[in-house]
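Me: Hi! Could you go through this model with me? I have a few quick questions.
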Amino acid sequence: MNRHRIASAQDEQQPVSGPERARIRELERENAELREKLAFLKKVPLTLSGRHAGRENRGGLLADAA
């Protein structure tokens, strides 16, 4: 059902303007970067305490986990 809504909504959309197209490209790049980071983080083993094994928590994405 959702696929039908998405397909019909795409048929009714107006052409995308230049600034909107640039924003879409920017968001697509960001999504790709976040997917890469998520794939990497899924590969990093966690200890029972939730900290990454063999690494100290030095900020970045891991700072919130401590």
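Predicted model: local features only at pLDDT ≥ 70, side-chain atom pairs only at ≥ 80, totals over all residues.

Me: OK, and which residue does Lys37 form a salt bridge with?
Reply: The partner is Glu33, with the closest N and O atoms 3.2 Å apart.

Me: Where do Lys37 and Glu33 sit relative to each other?
Reply: Both are in helix α2, four residues apart, so about one helical turn separates them.

Me: And how accessible is Glu33?
Reply: Glu33 has a relative accessibility of 43%, so it counts as partly exposed.

Me: How many salt bridges does the structure hold?
Reply: There are two. Besides the Lys37 and Glu33 pair, the side chains of Arg23 and Glu26 meet in a salt bridge, at 3.1 Å from N to O.

Me: Where are Arg23 and Glu26?
Reply: They too lie in helix α2, which covers residues 18-43. Three residues, or about one turn of the helix, lie between their positions.

Me: What are the accessibility values for that pair?
Reply: Arg23 has a relative accessible area of 43% and is partly exposed. Glu26 comes out at 40%, which also makes it partly exposed.

Me: Why can side chains like these pair up at all?
Reply: Opposite charges can pair when the charged atoms of the side chains come close.

Me: Switching topic: how many helices and strands does the protein have?
Reply: Two helices and zero strands.

Me: Last one: what's the accessible surface of the protein?
Reply: About 6,400 Å², with 53% of that belonging to carbon and sulfur atoms.

Methods: Residues numbered from 1 in each chain as written. Heavy atoms only, no water. Areas by Shrake-Rupley, 256 points an atom, 1.4 Å probe, with all protein chains shown as cover. Salt bridge = Lys/Arg side-chain N within 4 Å of Asp/Glu carboxyl O. Buried < 20%, exposed > 50% of the residue type's maximum accessible area, 1.4 Å probe, protein only.
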